[in-house]
Amino acid sequence: MQTILNYKLETTNEKLTPITGEPLVKNELEARVKMLLAGMAGCSLRFNEHASSAKADLDEAKELTKKMIFEYGMGTKLISDDKEQELVIDKLYEKTKQLLRGLQDAQEKVEEILNEKESISKKDVAKIISA
C-alpha cells in the first residue's frame, strides 16, 4: 500500500528567466525546458500522476520547444514538423525523470525536512544535493 504524505511546500514568486538580449545555445534552452518539466516529472515518479498546477510550466516548456524547433532551427532538420517538437519535449521529460531518479536520496531528505519544518531554504537544498 502506498502512503501519501501530506506536506506543505512553501514557494516563492521568483521566476528563473534568461538574461535578455543574450543568445542562448541549444543545451541552455534544453536545460530550461527540463527545469520547467521537473515538477511534473517529480510528481510522476513519486505519485505516478501529474497535478493540474503543472499547466503553466508545461505551457512554457511547449512554447520554448516550439521556438527551438521552428524559429531557431534547433531540430534535427532545418525545417521540422510538429512530430519533432513532440519528440524533443518527450526526450527532455525522460532525461528529467532520469536525473530525478539519481537524486532520490536528496529528495527524501528534503521531504523529511518539509514534513518537520514545512519549509526549506534554497541554501539547505543545495547542501543536501551536493552532499
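Reader: In this predicted model, is Glu86 buried, partly exposed or exposed?
Author: The relative accessibility of Glu86 comes to 41%. Because buried means under 20% and exposed means over 50%, a value of 41% places Glu86 in between, and the residue therefore counts as partly exposed.

Reader: Which residue does the side chain of Lys83 meet in a salt bridge?
Author: Lys83 is itself partly exposed, with a relative accessible area of 48%. With an N to O distance of 3.9 Å, the side chain of Lys83 meets that of Glu86.

Reader: How many residues apart in sequence are the parts that Glu30 and Lys91 tie together?
Author: The side chains of Glu30 and Lys91 meet in a salt bridge, at 3.6 Å from N to O. Since Glu30 lies in helix α1 (residues 26–47) and Lys91 in helix α3 (residues 82–102), the pair ties together parts whose separation in sequence is 61 residues.

Reader: Which residue of the salt bridge between Arg46 and Glu111 counts as buried?
Author: The two side chains meet at 3.0 Å, N to O. Arg46 lies in helix α1 and Glu111 in helix α4 (residues 104–117), so the pair ties together parts that are 65 residues apart in sequence. Arg46 has 30% relative accessibility and counts as partly exposed, whereas the residue that counts as buried, at 14%, is Glu111.

Reader: How many salt bridges does the structure hold?
Author: Among them are the pair Lys83 and Glu86, the pair Glu30 and Lys91, and the pair Arg46 and Glu111. For the structure as a whole, the number of salt bridges is five.

Note on methods:
Residues numbered from 1 in each chain as written. Predicted model: local features only at pLDDT ≥ 70, side-chain atom pairs only at ≥ 80, totals over all residues. Heavy atoms only, no water. Salt bridge = Lys/Arg side-chain N within 4 Å of Asp/Glu carboxyl O. Helix = DSSP H or I, 4+ residues; strand = E, 2+ residues; numbered from the N terminus. Buried < 20%, exposed > 50% of the residue type's maximum accessible area, 1.4 Å probe, protein only.
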